[in-house]
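Please consider the structure shown below. The paragraphs that follow lead through its loops, its helix contacts and its pocket.

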Amino acid sequence: MIATTLHGLIIDIDRKHPDVSRYNELRLGVVESIRLPKSSREAVSIDLGYIHFTDIKSHIGATNSYDFFILSPQGSPWSSYRGAEVACLDSLANLARELIVCKRAPLLGICGGHQFLGMAFGGEVGFIDHNFRDFSAEKYPADCLAERDRVNITTVHDDPIFDGFPPHPTDLFVMENHVEEIKTIPPGFVNLASSRLSKIQIMRFPGRIVYGMAFHPERGWGLDDQKEENSASHGRMMLANFVKMVCRAKGVL
């Protein structure tokens, strides 16, 4: 059996100081998501690196050593980023565009990472709750409209990210935790799923392994409606499908 290691990089876009342990759940979710068929001749493992967005400039030259990238969730309003933080986000946006358009690198944005991916390509992000349109404090307000916990989303278009699900259109359950959302999808992207409250739940850059997910595919495993023992949540299955696409691009599958 041939052993292959996929090298990924989590880019932490939270305002809080760098802390790899903050994303252990995400790291574990990605590593555990891949389940190749027993007939596969390849044994695949995943190695995930980590950097904080404020250190992005020192890592730009090393991006060729990674097979895929993940833009992390974040827990602060985008309007609260200041000074050098904004400059670092601008550098990251430039890098994301280069990775996707020029280098055709696989990339997954999760929750806040999904929003950042949209902003990097010209999409509009704002509060779900229109009453907080001009909000600019350091923390999210406790009383605003949000999507949290288990949420139903419905597919809008068919896509390989839905491999293994019932035929489109279908309803899926995912774990949400966001106050802001993508209001207008960036030019060139397509929307793949919507919820009752937030229209753009999964977006893709066509022709690339590039997705943004408004929810947390690494959370809620085992909470779906499937009856099989050790069943995976819909989020886990989509996370696995992303990793499998990276494998196929690398020639593993």
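Arginine 104 is placed in the loop between helix H2 (84-102) and strand E4 (107-110); helices (H or I, at least four residues) and strands (E, at least two) are DSSP runs, numbered from the N terminus. The phi of arginine 104 is near 55°, a positive value in a residue other than glycine. This is a predicted model, in which local features need pLDDT of at least 70 and side-chain atom pairs count only at pLDDT 80 or more, while totals for chains, interfaces and linings use all residues. Residues are numbered from 1 along each chain as its sequence is written, and side-chain values use heavy atoms, with hydrogens and water left out.

Cysteine 111, in the loop between E4 and helix H3 (112-120), also has a positive phi, of about 55°, although it is not a glycine. Proline 169 belongs to the loop between strand E6 (147-155) and E7. The peptide bond that leads from histidine 168 to proline 169 is cis, with omega near 0°.

Two helix pairs come next. The axes of H2 and H3 come within 9 Å and cross at roughly 80°; axes are lines fitted to C-alpha atoms, for helices over the stretch in contact, and angles run from 0 to 180 degrees between N-to-C directions. H2 and H3 are therefore roughly perpendicular to each other, a term that covers angles of 65 to 115 degrees. In their contact (heavy atoms within 4.5 Å), Leu89, Leu92, Ala93, Arg97 and Ile100 of H2 meet Phe116, Leu117 and Ala120 of H3. Seven residues of this contact are nonpolar, none is polar and one is charged. Here Ala, Val, Leu, Ile, Met, Phe, Trp, Tyr, Cys and Pro count as nonpolar, Asp, Glu, Lys and Arg as charged, and the others, Gly among them, as polar.

H1 and helix H4 (residues 234-249) pack at an angle of about 65°, with their axes 8 Å apart, which makes H1 roughly perpendicular to H4. Gly29, Val30, Glu32 and Ser33 of H1 make the contact with Arg236, Leu239, Ala240 and Val243 of H4. Its residues divide into four nonpolar, two polar and two charged.

Helix H1 (24-33) and strand E7 (171-178) each supply at least two residues of the lining of the largest pocket. A pocket is an open set of points on a 1 Å grid over the protein atoms alone where a 1.4 Å probe fits, with protein on both sides within 12 Å along at least five of seven lines; lining residues have an atom within 4 Å of a point. The lining has 23 residues, of which Pro73, Gln74, Gly75, Asn177 and His216 lie nearest the centre of the pocket. By class, eight lining residues are nonpolar, seven polar and eight charged.

Terms used: Angles under 35 degrees count as roughly parallel, over 145 as roughly antiparallel, 65 to 115 as roughly perpendicular and the rest as oblique.
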